[in-house]
Every structure is written in structure tokens, then in C-alpha cells.
Amino acid sequence: MKQIAIAFFSIISITAFSQSPSGNISVKKGQHFVVETKSDGLITQEMMGQTMELTLTNTATIKAE
């Protein structure tokens, strides 16, 4: 549980302190761009001989035309 909390707060802090872009992206008519962000994580916990694995996968896609 402690590792899950550490992972959760790490993700929150990365998001909170990330920088925003300073320029504008200009796209001409008919053009488009796609931004895809993928995050994968694996958490393994062991207690009293029992092992539990948690797999975390996050995908965010932004499409603009």
C-alpha cells in the first residue's frame, strides 16, 4: 500500500510541476498532429510469503486538426 501511495504522489507531483509550452503550434488547413503519451508501471508487494503484482498502464492521446 505504501508503494502505491508513493507512485500516486509521484505522478501528482510530476503533473503539478510540469512546464507549459511557451509557443503556439500552428497547423495549416488539412494538417493535423497527434500527441500520444504512454506510461507503464509494475509494483510488486510481498507480505507473509504472499506476492501481489500490480501492473499500471496509462495512455493519453491528443488529436488536433
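**Legends to close-up views of a predicted model**

**View 1. Gln45, a buried residue of strand 1.** Gln45 has a relative accessibility of 17% and is therefore classed as buried, the cut-off being under 20%. The model shown here and in the views that follow is a predicted one. Gln45 belongs to strand 1, which covers residues 33–47. Once neighbours within four places in sequence are left aside, the residues in contact with Gln45 are Met1, Gln3, Ile4, Gln50, Thr51 and Met52. A further pair that can be traced in this view is Gln45 and Lys2, which are 43 residues apart along the chain and whose C-alpha atoms are separated by 9.6 Å.

**View 2. The chain as a whole, as a setting for the other views.** The chain contains 1 helix and 2 strands, and, read from the N terminus, these elements follow the order α-β-β. The chain has 65 residues, of which 3% count as buried. Among the contacts in the chain with a separation of 6 or more, 45% are made by residues 24 or more positions apart.

**View 3. The salt bridge between Glu36 and Lys38.** The side chains of Glu36 and Lys38 form a salt bridge, with a distance of 3.4 Å from N to O, and the count of salt bridges in the model comes to 1. How exposed are the two partners, Glu36 and Lys38? Glu36 has a relative accessibility of 47% and so counts as partly exposed, whereas Lys38, at 59% relative accessibility, counts as exposed because the cut-off for that class is over 50%.

**View 4. The largest pocket and its lining.** The largest pocket has a volume of about 280 Å³. Its lining is made up of 14 residues, and those closest to the centre of the pocket are Ile11, Ser39, Asp40, Leu56 and Asn58. Helix 1 (2–16), strand 1 and strand 2 (50–64) are the elements that give two or more residues to this lining. Which element supplies the largest share of the lining? That share, 6 residues, comes from strand 1. Sorted by residue class, the lining of the largest pocket consists of 6 nonpolar, 7 polar and 1 charged.

View 5. If residues up to four places away in sequence are not counted, Thr61 touches Val34, Val35 and Glu36. Of these, Glu36 is also a partner in the salt bridge with Lys38. Thr61 and Val34 lie 27 residues apart in sequence, and the distance between them in space, from C-alpha to C-alpha, is 7.0 Å.

**View 6. Met48 in the loop between the two strands.** Met48 sits in the loop that connects strand 1 and strand 2. The relative accessible area of Met48 is 81%, so Met48 is exposed.

**View 7. Lys28 in the loop between helix 1 and strand 1.** Lys28 is located in the loop between helix 1 and strand 1, where it is exposed, with a relative accessible area of 62%. The view also takes in Glu65: Lys28 and Glu65 are 37 residues apart in sequence, and their C-alpha atoms are 8.5 Å apart in space.

Conventions. Residues numbered from 1 in each chain as written. Predicted model: local features only at pLDDT ≥ 70, side-chain atom pairs only at ≥ 80, totals over all residues. Heavy atoms only, no water. Helix = DSSP H or I, 4+ residues; strand = E, 2+ residues; numbered from the N terminus. Buried < 20%, exposed > 50% of the residue type's maximum accessible area, 1.4 Å probe, protein only. Contact = heavy atoms within 4.5 Å. Salt bridge = Lys/Arg side-chain N within 4 Å of Asp/Glu carboxyl O. 1 Å grid on protein atoms, 1.4 Å probe; cavity = no way out; pocket = protein on both sides within 12 Å on 5 of 7 lines; lining within 4 Å. Points joined across faces, edges and corners; volume = space filled by probe spheres on them. Nonpolar A, V, L, I, M, F, W, Y, C, P; charged D, E, K, R; others polar.
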